[in-house]
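Biologist: Please show me the model, and then let us examine the terms used to describe it.

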Amino acid sequence: MRIQVVLLVALAAVASADEEGGILDSIRNGFNRAGAAFSSLYATYETAPYTVERTVKTDDGESIIYEERNYPGQKWVCTTEIDDEEEEQSKDAFMRLFGYITGDNEGGITIPMTTPVSMVREPLTAEELANQESQSDEDTQEQESEEVHSKYTMCFYINQANQENAPPPTNPEVYIENRPTMTVIASQTGGYMDDEDWVAMADKLKQDATAQGETGVDYSSFYRAGYDSPMKFWNRRNEIWYVKQA
């Protein structure tokens with residue numbers, strides 16, 4: 001089963017590889033992606049660094065409800081979608097970022113996969129809403145467009161070896177984010193997650209933190225953080241983060 005998945009990824013990678021440099025570059029980029037996909041089945045990933053400032057446990061002290069963590073400022077590579085259908089667009093977003101670490105960058109270097117893959121949904125700003133309405137006015141000349149009210153941003157942490165000199169992306173839809181130092185409250189669970197599971201997990205963390213008298217937490221949006229390949233079946237790690245104001 002795993003070999004079949006890798007072969008499919010390899011074929012898709014070759015088919016979607018950038019042909020600007022000719023067929024040899026297309027083949028090279030395709031095999032880079034296939035090799036990265038294969039190694040991801042067994043790799044141990046570098047994880048974004050953080051320190052645990054406080055742990056909140058159940059009354060019996062046996063289970064962790066959530067942690068308060070501090071993440072130092074680091075570079076992440078990101079892509080943003082203006083869309084209300086997160087699950088539909090997340091695969092495209094992931095492949096753009098995967099393309100970056102497998103050669104779609106200035107220099108064409110391969111960067112190791114890291115964890116977590118973070119995703120945050122936020123409401124559109126007034127400027128973004130105005131831009132969307134302007135675009136919708138143009139689109140309605142041909143067909144009706146649905147109004148979108150939110151955006152989501154998916155990011156990969158850039159490994160320490162490339163933090164100082166992260167190569168610029170060649171895909172205009174991908175960018176380097178200098179994420180500032182942030183404090184979060186984080187809860188964790190296992191298994192496979194869909195959109196409803198993530199929302200339920202975020203609601204539970206909000207309820208737990210409120211019950212604990214947690215203050216200074218921004219509940220207007222939350223980060224989803226995934227640590228595992230879809231091919232990992234056991235001991236999966238999924239987290240929700242709410243940012244806590246300094």
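Predicted model: local features only at pLDDT ≥ 70, side-chain atom pairs only at ≥ 80, totals over all residues.

Biologist: What makes the 16 residues a nonpolar core?

Modeller: The term denotes buried Ala, Val, Leu, Ile, Met, Phe, Trp, Tyr and Cys residues joined through side-chain atoms within 4.5 Å. In the largest such core, Val77, Leu97, Tyr100, Ile101, Met154 and Phe156 touch the most other members. Helix 3 (86-101) supplies the largest share, five residues.

Biologist: Which residues does Leu97 touch beyond four places away in sequence?

Modeller: Contact means heavy atoms within 4.5 Å. Leu97 touches Val77, Cys78, Thr79, Met154, Cys155, Phe156 and Val174.

Biologist: Why is strand 7 called mostly covered?

Modeller: Buried means under 20% relative accessible area, exposed over 50%, and partly exposed in between, with a 1.4 Å probe and protein chains only. Eight of the eight residues in strand 7 are buried, so the strand is described as mostly covered.

Biologist: How do you know that strand 4 and strand 7 pair?

Modeller: Strands are DSSP runs of E with at least two residues, numbered from the N terminus. Two strands pair if DSSP finds at least two bridges between them. Strand 4 (residues 74-82) and strand 7 have seven bridges, therefore they pair, in the antiparallel sense. Thr79 has Met154 as its bridge partner in strand 7.

Key. Residues numbered from 1 in each chain as written. Heavy atoms only, no water. Helix = DSSP H or I, 4+ residues; strand = E, 2+ residues; numbered from the N terminus.
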